[in-house]
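Trainee: Hi! Could you walk me through a protein model today? I would like to learn how to read one.

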Amino acid sequence: MTASARRDKQLFRWDRRCAGSGGYAIALIASLALTTTAWPAAAAYWYGGGHKHRTAHKSHEPKAADRVDKELFGQIQKGPLQIFISINQQKLHLYSDGVHVADTSIATGVPGLPTPLGVFSVIQKQVFHRSNIYSGAPMPFMQRITWSGVAMHVGESIGHRASHGCIRMPHDFAVRLYRLTKLNTRVIIANSELKPTEFADPHLFVHKEKPPEIAAPVDNGVEPVITKPAELAVHANMLTPLVQSDAVTPQTAAPAVKSDQTTESAGPGADAGTSGVTAPPMSPTPTDLAKAAAAKQTPISIFISRKRQRLYIRQDFEPLFDSAVAIAQADAPLGTHVFTALEFTGPEHTILRWNVVSLPGEPPKHLRYVEEHRDRHGHVRRREIEEERSSDTPPPQGPAQVLARIEIPPEVTEAIAQMITPGSSLIISDQGLGDETGEGTDFVVVTR
């Protein structure tokens with residue numbers, strides 16, 4: 001038996017031994033003590049972080065932990081992780097590289113405080129966390145998916161709706177899932193079970209290496225100045241979106257970057273060199289930003305909103321730029337579709353393998369009807385019944401139809417081609433940028 005397996009067996013004994021009043025806290029302390037023996041000290045308490053902690057220590061999992069993960073999840077294919085939550089089933093389904101890995105029973109929000117439906121991602125991880133909303137309630141192995149208080153974590157009453165909106169998981173599964181995921185792991189929540197399917201379409205993005213920079217001929221013995229990708233990356237990270245089309249709450253809105261250099265107009269025809277006035281720097285183009293983003297070699301997220309007729313791009317939880325797009329039949333709904341780039345399919349590293357999941361259309365929130373029955377005295381009794389519908393409606397259109405309706409400017413397509421890598425995603429939705437999308441998040445699409 002491996003050291004990690006012995007540790008997990010001892011954790012289980014602690015959980016059993018500490019059941020009852022006050023036992024949960026004791027079991028949690030024991031769990032943390034045992035867990036930290038296998039993890040680096042820096043990663044034992046804080047794993048990743050929010051937008052203010054993205055420079056926190058990275059976790060380097062030991063090989064023993066990898067063996068334990070395989071014992072629970074089986075052989076895991078290398079590739080992007082995707083987590084699907086089914087409210088009706090009270091199940092979590094885990095996929096890696098588009099292949100099903102494992103399931104577990106969960107507990108989601110009660111009807112009065114439902115778990116939101118839509119597209120999310122892991123934006124913060126913490127081994128031990130206490131709720132700042134519900135009287136410091138413990139949330140071990142917490143993986144946050146919204147800054148408004150929704151997270152996946154260890155919890156009780158598994159198998160039925162019992163939480164205040166969070167997704168509770170069994171202890172052992174939560175620990176192993178915590179070790180496996182990274183920040184920005186995709187989490188999709190729907191009423192019914194969703195399964196990603198392999199998808200290929202000529203409208204999907206392909207990867208192109210950026211062309212080599214060619215210096216201009218030397219003039220008067222002075223070498224031309226060429227901006228390095230690293231310098232562009234610094235500038236790109238300071239940018240707010242070029243066009244902020246949707247309102248963002250004050251808590252999540254990024255402050256606008258203001259220049260501390262002011263200039264005065266020198267009048268038409270004035271020479272900047274003689275007047276002493278320096279021309280303001282030009283805003284970087286999508287191509288400039290693409291070069292900087294490609295240099296970071298991390299996946300990007302693309303969001304296309306029918307509501308705003310715009311395309312937005314983020315990388316590492318930060319906005320890069322956005323652009324107008326043309327959508328045919330703009331009044332007709334698209335639905336919400338998530339395309340994920342899994343891996344390169346050829347030696348040229350240009351064509352990507354994709355999968356897609358389409359979220360169901362939103363059904364009527366409640367179904368009302370009148371039920372009649374006779375009591376023991378023969379009198380007819382009527383009562384109005386109101387219940388939530390459990391079935392989902394199909395999406396308005398399929399993913400191929402949706403892609404065919406969208407026209408993206410060529411320069412934006414070219415910029416995306418330089419940035420797109422395995423792990424990148426494309427989200428298309430009728431929604432705009434909601435309140436949950438802000439500083440320190442990927443794109444969050446709440447469908448209910």
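Mentor: Happy to, and we will go from the overall picture to some single residues.

Mentor: Keep in mind that this is a predicted model.

Trainee: Got it. How many helices and strands does the protein chain have?

Mentor: The protein chain has 10 helices and 21 strands.

Trainee: And what share of the residues counts as buried?

Mentor: Out of 448 residues, 44% count as buried. The accessible surface of the protein chain is about 23300 Å², and carbon and sulfur atoms make up 54% of that surface.

Trainee: What about contacts between residues 24 or more positions apart, how much do they account for?

Mentor: Such pairs account for 66% of the contacts in the protein chain with a separation of 6 or more.

Trainee: Let's switch to charges. How many salt bridges does a search of the whole structure find?

Mentor: The search finds 8 salt bridges. As background, side chains of opposite charge can pair when their charged atoms come close. One of the salt bridges is between D97 and R353, with the closest N and O atoms 2.8 Å apart.

Trainee: Where do D97 and R353 lie?

Mentor: D97 is in the loop between β2 and β3, while R353 is in strand β16, so this pair links distant parts of the chain, 256 residues apart.

Trainee: Is D97 buried or exposed?

Mentor: D97 is buried, with a relative accessible area of 5%. R353 counts as buried too, at 17% relative accessibility, because the cut-off for buried is under 20%.

Trainee: Which other partner does R353 have in a salt bridge?

Mentor: R353 also forms a salt bridge with E343, where the closest N and O atoms are 3.0 Å apart. R353 lies in strand β16 and E343 in strand β15, so this bridge ties together parts that are 10 residues apart in sequence. E343 is partly exposed, at 34% relative accessible area.

Trainee: Which residues end up in one network with them?

Mentor: Salt bridges with shared partners join D97, E198, E343 and R353 into one network.

Trainee: Nice! What about D322, which residue does it form a salt bridge with?

Mentor: D322 pairs with R310, and their closest N and O atoms are 2.7 Å apart. Because D322 is in strand β13 and R310 in strand β12, the pair ties together parts 12 residues apart in sequence. D322 is buried at 5% relative accessibility, and R310 is buried at 14%.

Trainee: New topic: rings. How many aromatic pairs does the structure hold?

Mentor: It holds 5 aromatic pairs. In one of them, the ring centres of F84 and Y95 are 5.5 Å apart and the planes are at 90°.

Trainee: Which residues form one aromatic cluster?

Mentor: F303, Y312 and F443 form one. Another ring, that of Y178, has the charged end of K125 sitting over it, 4.5 Å from the ring centre.

Conventions:
Residues are numbered from 1 along each chain as its sequence is written. This is a predicted model: local features need pLDDT of at least 70, side-chain atom pairs count only at pLDDT 80 or more; totals for chains, interfaces and linings use all residues. Side-chain values use heavy atoms; hydrogens and water are left out. Rings of Phe, Tyr and Trp (its six-membered ring) pair if their centres lie within 6.5 Å; planes under 30 degrees apart count as stacked, over 60 as edge-to-face and the rest as tilted. A charge sits over a ring if NZ of Lys or CZ of Arg is within 6 Å of the ring centre and within 35 degrees of the ring normal. Helices (H or I, at least four residues) and strands (E, at least two) are DSSP runs, numbered from the N terminus. Buried means under 20% relative accessible area, exposed over 50%, partly exposed in between (1.4 Å probe, protein chains only). Contact means heavy atoms within 4.5 Å. Accessible areas come from the Shrake-Rupley method with a 1.4 Å probe; for residues, only the protein chains shown count as cover. A salt bridge is a side-chain nitrogen of Lys or Arg within 4 Å of a carboxyl oxygen of Asp or Glu.
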